[in-house]
Amino acid sequence: MVVNSFIRLFTTMTTAAEWIAKNDPSVLRASEEELKRMTLYIDEVDSLEGCPPILKKLDVYGTKIKSLEGAPKSVGKLDASHCHLASLRGCPETFDELNLSYNDLTSLTGMPKRPQAFTSGKLPNVMLNNTDI
């Protein structure tokens, strides 16, 4: 007798909105002024969908994100190093520092042509170590 065995692997995609609702729901009630001072460390996400529109710092180091779509439009510091980024689509328009090192990036397509500084008087800094750019 031949028995067919099937193993089905279910992968669930976790968005930033789902992560926030589960791990730090206070973010959902924060005012814009509070968000400007807030640092958010998000682990185990596949998508930045649902991130607050503004943050002082967002750290998604080592997650499975493939693009920055859904990222805050304005962020002081964004650490998206050691992810699976292949695109800069959704890149914040205003920032002081982006760490995009150790990703699968091959171009700057999606990067704002003239990014604005989050903190006035600073030049935005972009780190692209160990990428193909």
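Predicted model: local features only at pLDDT ≥ 70, side-chain atom pairs only at ≥ 80, totals over all residues.

Residues are numbered from 1 along each chain as its sequence is written, and side-chain values use heavy atoms, with hydrogens and water left out.

**Entry: the whole chain.** I looked up the extent of the C-alpha trace, which spans about 75 × 40 × 15 Å along its principal axes. Of the 133 residues in the protein chain, I found that 38% count as buried, where buried means under 20% relative accessible area with a 1.4 Å probe, protein chains only.

**Entry: the order of elements.** I found three helices and five strands in the protein chain, taken as DSSP runs (helices H or I, at least four residues; strands E, at least two) and numbered from the N terminus. From the N terminus on, the order I wrote down is α-α-α-β-β-β-β-β.

**Entry: the strands.** I then asked myself in which sense strand 1 and strand 2 pair. Strand 1 (residues 39-41) and strand 2 (residues 54-59) are paired in the parallel sense over three bridges, and pairing here requires that DSSP finds at least two bridges between two strands. Y41 has D59, in strand 2, as its bridge partner. Strand 2 also pairs with strand 3 (residues 74-79), in the parallel sense and over five bridges, and there I found L78 of strand 3 as the bridge partner of L58.

Technical notes
Buried < 20%, exposed > 50% of the residue type's maximum accessible area, 1.4 Å probe, protein only.
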